[in-house]
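Here are my notes on the model, as numbered points. Please read them with the structure open.

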Amino acid sequence: MPTKTFRIPTADGRADAFAALPGHGERHPGVLMYADGFGIRPVLREMAHELAGHGYYVLVPNVFYRHGPAPVIELPEHIGAETRTQVMAQLMPLIEAHTAERVLSDADAYLRFLTARPEVAAGPVAVTGYCIGGLLAMRTAAAHPGQVAAVAGFHAPVDTDRPDLLAELTAQVHLGHAESDMTPEAFGELNRALDAAGVDHTSEIYPGTSHGFTMSDTDAFSASGLKRHWDRLLPLLDRTLPNS
């Protein structure tokens, strides 16, 4: 799949980003993909190319661009238990600095850039994200009703204490939760909040998974969890976005 790199103008500078796109055709449905907290790295490029292979133009921004280009910190090839604590200690200040105001300002810029690309088809787009990126995806979709037709989050926190945010969602939603992240009580509370807000959604716990299950460069990786993720994501995009 072809890859293009960009520096996206934002209110605070320029965000480095890459796009994966099909090698055929002129215009394709657009998808904004948010990385997990570890950021852009080879596994994210692989996932973007996999999605592009199904006919989508996939834009992946470095959400931590204010702190430098990706990779913002040095990452090991495999993020295992022996390195995770050290890596997270470096990343947490970046995550905490990425306020809701920054999220929404950047989302405006990312969507404006994505929808202006000549390779992206007219009409609504989708947003997907992993871990903290899933939360960014939900906030982006809520801030852009009508423009975002689908949103998916995997092993991601969700603003259950923000019914106002959920009420703003017009996109179809899929949430794939890690079994280790979600108690039955919290799962029930989340689904009741989505129902009360009138959100068109599916929300499920992926059996036998732990936080980060989609990421093959971590100890949490689950091949069955990743497959289930594709089995849920691709039909969601197919029924909500213009034909590729």
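Predicted model: local features only at pLDDT ≥ 70, side-chain atom pairs only at ≥ 80, totals over all residues.

1. Look next at the turn. Strand 1 and strand 2 make a hairpin, with two residues between them. Thr10 has Gly13, in strand 2, as its bridge partner. In general, side chains in a regular strand alternate between the two faces of the sheet.

2. Now the packing. The largest nonpolar core counts 47 residues. Tyr34 and Leu59 have the most contacts inside this core. Helix 3 (residues 100-116) is the top contributor, giving six residues.

3. A second core of 32 residues is separate. Its members include Leu44, Val60, Tyr130 and Ala152. As a general point, nonpolar side chains in soluble globular proteins tend to be buried together.

4. Setting aside residues up to four places away in sequence, Leu59 touches Phe6, Ile8, Ala17, Phe18 and Ala19, among others. Its contacts also include Val31, Leu32 and Met33. Tyr110, Phe113 and Leu114 are on the list too.

5. Last, Ala81. This residue is found in helix 2 (residues 81-97). Is Ala81 buried or exposed? Its relative accessibility is 59%, so Ala81 counts as exposed, the cut-off being over 50%. In sequence, Ala81 and Gly212 are 131 residues apart. In space, their C-alpha atoms are 13 Å apart.

Conventions. Residues numbered from 1 in each chain as written. Heavy atoms only, no water. Core = buried A, V, L, I, M, F, W, Y, C linked by side-chain atoms within 4.5 Å. Buried < 20%, exposed > 50% of the residue type's maximum accessible area, 1.4 Å probe, protein only. Helix = DSSP H or I, 4+ residues; strand = E, 2+ residues; numbered from the N terminus. Contact = heavy atoms within 4.5 Å. Pairing = 2+ DSSP bridges.
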